[in-house]
Amino acid sequence: MANGMGSIYIGHSGLKASQDSIHNVANNLANVNTEGYVRQQVVFRDASYSNLAYSKNHYKKLIGQGTSIGEIVHARDIFLDKAFRQENGRKSYYEATFEAIDEVQNYFQELEGTAFQQILDGEEGSLWQAFEEFSKDPSNMAAQNLVIQKASLFISRSQTIFKGLKNYQNNINIQISEDIDKINGYIRQIADLNKQIQAIEVGGRETAMNERDARDYALDQLSKYGKIQYEERANGSVTLKFEGELVADNMFYYTIGKKTDRMTGFVTPYWPHLSNEGIGKYAEVYDFSQKICTEYNTDIGELKALVQARGETVSNFNDILNADPDKYDASVGLSIMQNTQAEFDQLVHGIVTQINDILAPNKKMDELVVQNEDGTYSRYRNVKVLDEENCCVGADGKLPPQELFTRSGCERYRKVTAYDKETGEWRDYYMYNEEDVDTSIPYRMSNGQTIRVFNPENTTVAQLVPKTDANGNVMFNPDGSLDVQSISTEKPYTPWDKKGNEKYLKQKVDGQWVVNEDYFYDTSKQYTSMEVSVNYDLLKNIKNLPHFHQDEGIAHDMAIKLANLWDNTTLSINPRYTNVTYTYSEYYKEMIGEIGIIGSVYESTAEKLEGAATAVENQRNEVIGVSSDEELTRMIKYQNAYNASSRYIQTVSDMIELLVTGL
């Protein structure tokens with residue numbers, strides 16, 4: 001009888017285990033479309049055993065008490081999880097970079113129905129064609145008008161492209177800020193879930209299934225934005241690192257800060273807890289001095305790709321001019337946006353300055369002594385002035401001649417009163433207002449360090465105190481030069497920037513004028529895309545476009561030089577290969593081709609990584625995903641097991657009833 005009653009308990013255990021298993025299947029089916037849900041599996045185990053007796057060999061004779069649910073487990077594979085998260089991060093890096101490159105390519109395609117290539121040197125309606133017509137008859141007003149029109153169109157389209165690149169940089173910057181917010185949100189979420197999991201599992205009797213699912217899902221999402229490393233501790237919490245820095249534990253978490261540049265508004269991610277903001281020291285999240293490659297696992301994360309693609313600032317031709325190849329590759333060259341801006345602006349700068357230099361040519365003077373308005377005297381060395389002998393003029397015959405393209409921040413020349421050695425008289429000169437650009441050269445100091453210093457071939461200035469006779473007249477040497485009583489220290493003739501920084505600083509070591517790294521170049525004094533326009537005076541009076549020699553002969557030779565500019569190889573696209581030069585058309589094609597090749601590489605890599613990530617995810621879904629067909633199959637199995645346990649109990653009950661009624 002005792003054994004009979006015990007048999008009922010065995011059947012009851014099977015009945016309950018099957019019922020709980022059906023509930024588990026129902027829970028899986030209810031969450032089949034829940035994002036981040038991991039299917040749960042029932043693991044059965046034997047219930048306790050009872051000892052009936054001992055055999056002759058002293059072995060226990062045991063009888064089982066049925067079955068029970070040992071545990072409900074997550075169907076996860078930690079190796080597939082890590083593989084997926086790494087591939088997901090790497091795929092996101094290449095996808096984000098390709099998206100930026102693809103956007104850049106779009107700006108150089110059709111603009112209002114006409115590609116920029118056609119504006120530059122197309123057979124019809126291009127700037128080149130306008131100068132071709134001008135070379136046939138420079139005095140023809142229709143040809144002059146065509147030059148003005150096409151120059152205006154060239155500047156307009158150039159500025160449209162450059163504005164587009166700047167706007168997209170700003171869009172990337174907004175995306176960077178949003179990504180930082182998302183990353184911080186996931187870090188906080190993981191830290192909170194760590195605490196919840198510990199609180200639930202502290203007794204060792206319950207597993208925080210839903211919280212673990214949410215944490216794993218947060219790790220999946222976080223892996224898109226950067227390189228993550230994590231490890232689960234015995235207490236159930238996860239120690240998380242982002243880009244090598246510890247960001248979450250069972251007790252605390254750290255988030256990423258945003259350092260905003262006042263000039264550009266660009267956001268740079270940094271670690272506030274590792275920085276000293278009071279003295280301006282920031283621990284930036286990314287160190288781009290490290291080589292970016294798969295071998296070192298440095299090509300991971302959307303945020304890194306966006307920061308790299310956007311760059312640190314808006315670039316122009318000045319970033320390529322005299323640039324150190326290694327420094328260029330490590331800064332501007334890393335950013336698709338900055339590199340494209342610099343290369344494109346160099347093309348515009350080259351065209352604009354070379355056309356202006358023919359219309360209003362300059363010559364270099366070894367020395368020019370200028371009488372200032374306040375009565376003092378300044379000596380300039382290696383200064384450019386208008387080449388009055390060889391320049392042409394417009395219909396008004398006035399000097400200086402009109403340049404075609406003007407800067408927004410200064411005129412091409414400033415009129416000064418200087419001493420002419422040949423005539424021994426003081427007369428007017430038109431001193432060229434140099435562009436505010438980097439014309440420094442490398443210099444190796446005595447201690448072995450290489451620095452950038454002022455190029456002595458450029459303009460230097462000194463204050464002079466000339467000798468005077470008894471009547472106060474300035475005295476001259478026999479060779480016609482000014483007889484000087486004293487000369488103050490000669491220094492570079494450079495302006496101060498808007499922040500009050502001097503362009504060059506005198507260094508005690510080796511006595512060199514060193515480039516001031518805090519100096520901010522004034523783009524309004526550069527022939528750069530966003531600061532040039534067609535000369536307003538020429539728009540008002542087309543005939544003042546230089547086309548006459550000063551003897552009133554038509555300047556066919558000057559017009560031919562302008563047309564031939566398109567055949568001259570004057571521009572190099574890369575600071576590392578300055579010996580390779582191109583024509584305007586070749587330069588543009590090389591620049592576009594370079595962008596296309598880089599884009600193709602990133603696109604193919606992104607596609608391959610998309611396939612790899614998808615393959616790993618599919619393998620992972622086979623383990624963690626809920627299949628309705630499989631769950632329904634299990635439900636039928638558990639239903640049959642439930643029915644079998646029920647029939648077993650009924651049979652044992654009938655047997656006991658028969659025995660009881662038979663006594």
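User: Where does aspartate 436 lie, between which strands?
Analyst: Aspartate 436 sits in the loop between strand E16 (425-432) and strand E17 (441-444); strands (E, at least two residues) and helices (H or I, at least four) are DSSP runs numbered from the N terminus. Do keep in mind that this is a predicted model, where local features need pLDDT of at least 70, side-chain atom pairs count only at pLDDT 80 or more, and totals for chains, interfaces and linings use all residues. Residues are numbered from 1 along each chain as its sequence is written, and side-chain values use heavy atoms, with hydrogens and water left out.

User: Why is aspartate 436 called buried?
Analyst: Buried means under 20% relative accessible area, exposed means over 50%, and partly exposed is in between (1.4 Å probe, protein chains only). Aspartate 436 has a value of 4%, so it counts as buried.

User: What makes the link between the side chains of aspartate 436 and tyrosine 519 a polar contact?
Analyst: The two side chains are joined at 2.9 Å. A polar contact is a pair of N or O atoms within 3.5 Å; within protein, one must be able to donate a hydrogen and the other to accept it, and residues adjacent in sequence count only if both atoms are side-chain atoms. The 2.9 Å pair is therefore a polar contact. Leaving aside neighbours within four places in sequence, aspartate 436 is in contact (heavy atoms within 4.5 Å) with residues including Pro495, Lys503 and Tyr521.

User: What makes lysine 327 exposed?
Analyst: The relative accessible area of lysine 327 is 59%, so this residue counts as exposed. Its place is in helix H8 (residues 325-330).

User: How do you know that helix H7 is largely enclosed?
Analyst: In H7 (residues 302-310), 9 of the 9 residues are buried, so the rest of the structure largely encloses this helix. Among them are Glu302, Lys304 and Arg310. The cover over the buried residues of H7 includes helix H2 (78-107), helix H5 (141-201), strand E11 (267-270) and helix H9 (336-359). Glycine 311, with a positive phi near 85°, follows H7.

User: Why are E7 and strand E8 said to pair?
Analyst: Two strands pair if DSSP finds at least two bridges between them. E7 and E8 (residues 238-242) have 5 bridges in the antiparallel sense, so they pair.

User: Why do strand E7 and strand E9 stand at the edges?
Analyst: The open sheet has 3 strands in the order E7-E8-E9, with antiparallel pairing. Strand E7 (228-232) and strand E9 (245-248) each have a single partner strand, so one side of each has no neighbour in the sheet. On average, neighbouring strands of this sheet are turned by 30° against each other, direction ignored. Helix H6 (residues 209-222) packs on the sheet and touches E7 and E8, and its direction makes about 160° with that of E7; axes are lines fitted to C-alpha atoms, for helices over the stretch in contact, with angles from 0 to 180 degrees between N-to-C directions.

User: Which residues touch the most other members of the largest nonpolar core?
Analyst: Of its 97 residues, Phe154, Ile355 and Leu404 do. H5 supplies the largest share, 18 residues. A nonpolar core is a set of buried Ala, Val, Leu, Ile, Met, Phe, Trp, Tyr and Cys residues joined through side-chain atoms within 4.5 Å. Isoleucine 355 is in contact with Leu404 and Trp566, among others beyond four places in sequence. A second, separate core of 11 residues includes Met365 and Tyr380.
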